[in-house]
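Subject: A structure for you to look at

Hi there,

Here is the structure I promised to pass on. Please open it beside this message and follow along as you read.

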Amino acid sequence: MIFTAGQIAGLLEGEVDGNPEIAVHKVAKIEEGETGSLTFLANPKYTPYIYTTRASITIVNKDFVPEQDLVTTLIKVDDAYESFSKLLEYYDKVKSAKVGVEHPSYLSESATHGDNLYMGAFSYVGENVVMGNGVKIYPNAYVGENVKLGDNVTLFSGAKVYSDTIVGNNCVIHSGAIVGSDGFGFAPDKNGIFNKIPQTGNVILEDDVDVGAGTTIDRATLGSTILRKGVKLDNQIQIAHNVEIGEHTVIAAQTGIAGSAKIGKRCLIGGQVGIVGHIVIGDDVRIQAQSGIGRNIKNGEILQGSPALAYGDYNKSYVHFKNLPKIVNRINELDKKYTLDNNE
């Protein structure tokens, strides 16, 4: 796809300073820009690069005044970073504007869909599936029976959505993610042999949920595993059965959440965090990477460590922990001195 400076300026409501007919077909970092590429300058730290970049077009703030001659054509906007992000979003929509059913693929006769459906080759849509408008199912993706997909849902290659799952509008499920697999439910009999407990619930993703590549969300034993509106999951996360995650909570990679844990709204959870089951985490909680959470957490707490401590207490304790050998030596010296004084 090729765009001219004039077209881009029109889309961003910006002003062209240079050649409005110059065209670009790719994006690049400003220090790596070359002919045919588009870049941007938002951070003053990168200002020197605008005088050396070979990028054909650079988006800048309106208050930018060059101090040297430029090779690049400028598009001046109110906020360069925001405008560049907007342009990337537009480019992504244009690039992914796929429509139609490729073959071979399987679309059940009992499945229904809205306008502009895309199904890639070797994708599968099972019985009684209901799909909204603008659904995109990339090659090798799987949608089980009785699934509901809202408008503008995207399932990337290799994503799997098991039966009875409900997915809201504008959700994205990335490659290798599995939504609706069985929860880890087993019970021992009198001989200590573990038998499977049927997992009869489902998974509900509300609107605007993103599920990262390789992430797994288990169906509930009874009822539903629920991710509320705007939840964002990174890659390789494990969400166990009957977990509930509140609106606009963001979770980084390799975090594991055990069964029936309840997590509040607007929480920020770092990578490799472990959360035990059957606890309640409040709203606006921040959990630092590699923390272990084994108790209920109140609204607004900031935690770090394993088991996790209050963030401030952890940092204070860590100072002492780093100095522990010196502290022990000092105690030993004092003990020796005390012993000698008492023996004299």
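Below is what turned up, one part of the chain at a time.

This is a predicted model, in which local features need pLDDT of at least 70 and side-chain atom pairs count only at pLDDT 80 or more, while totals for chains, interfaces and linings use all residues. Residues are numbered from 1 along each chain as its sequence is written, and side-chain values use heavy atoms, with hydrogens and water left out.

A word on names: helices (H or I, at least four residues) and strands (E, at least two) are DSSP runs, numbered from the N terminus. Two strands pair if DSSP finds at least two bridges between them. Strands of a sheet pair through backbone hydrogen bonds, either parallel or antiparallel.

Is S6 mostly covered or mostly open? It is mostly covered, as four of the five residues in S6 are buried. Buried means under 20% relative accessible area, exposed means over 50%, and partly exposed is in between (1.4 Å probe, protein chains only).

**Two helices**

Contact here means heavy atoms within 4.5 Å. Axes are lines fitted to C-alpha atoms, for helices over the stretch in contact, and angles run from 0 to 180 degrees between N-to-C directions.

The axes of H1 (residues 5-12) and H2 (residues 80-95) come within 10 Å and cross at roughly 105 degrees. The two helices are therefore roughly perpendicular to each other; angles of 65 to 115 degrees count as that, under 35 as roughly parallel, over 145 as roughly antiparallel and the rest as oblique.

Which residues meet where H1 and H2 touch? From H1 come Ile 8, Leu 11 and Leu 12, and from H2 come Ser 83, Lys 86, Leu 87 and Tyr 90. The residues of this contact divide into five nonpolar, one polar and one charged. In this scheme Ala, Val, Leu, Ile, Met, Phe, Trp, Tyr, Cys and Pro count as nonpolar, Asp, Glu, Lys and Arg as charged, and the others, Gly among them, as polar.

**Aromatic rings**

Rings of Phe, Tyr and Trp (its six-membered ring) pair if their centres lie within 6.5 Å; planes under 30 degrees apart count as stacked, over 60 as edge-to-face and the rest as tilted. By this rule there are eleven aromatic pairs. In one of them, the ring centres of Phe 3 and Tyr 90 are 6.4 Å apart and the planes are at 65 degrees, so the pair is edge-to-face. This pair links distant parts of the chain, with Phe 3 in S1 (residues 3-4) and Tyr 90 in H2, 87 residues apart. Phe 3 is partly exposed at 21% relative accessible area, and Tyr 90 is partly exposed at 37%. Phe 40, Tyr 81 and Phe 84 form one aromatic cluster.

**The eight-stranded sheet**

Another open sheet has eight strands in the order S12-S15-S18-S23-S26-S29-S32-S35, with parallel pairing. Its edges are S12 (130-131) and S35 (280-281), each with a single partner strand, so one side of each lacks a neighbour in the sheet. Two bridges join S26 (residues 224-227) to S29 (residues 244-245), and Leu 227 stands opposite Ile 245 in S29.

**Backbone spots to check**

Most residues other than glycine have a negative phi, and most peptide bonds are trans. Here are some spots that differ:

- Glu 13, in the loop between H1 and S2, has a positive phi of about 55 degrees and is exposed at 71% relative accessible area.
- Gln 254, in the loop between S30 (250-251) and S31 (256-257), has a positive phi of about 70 degrees and is partly exposed at 42%.
- The peptide bond from His 103 to Pro 104 is cis, with omega near 5 degrees; Pro 104 is in the loop between S8 (100-101) and S9 (106-107).

Happy exploring!
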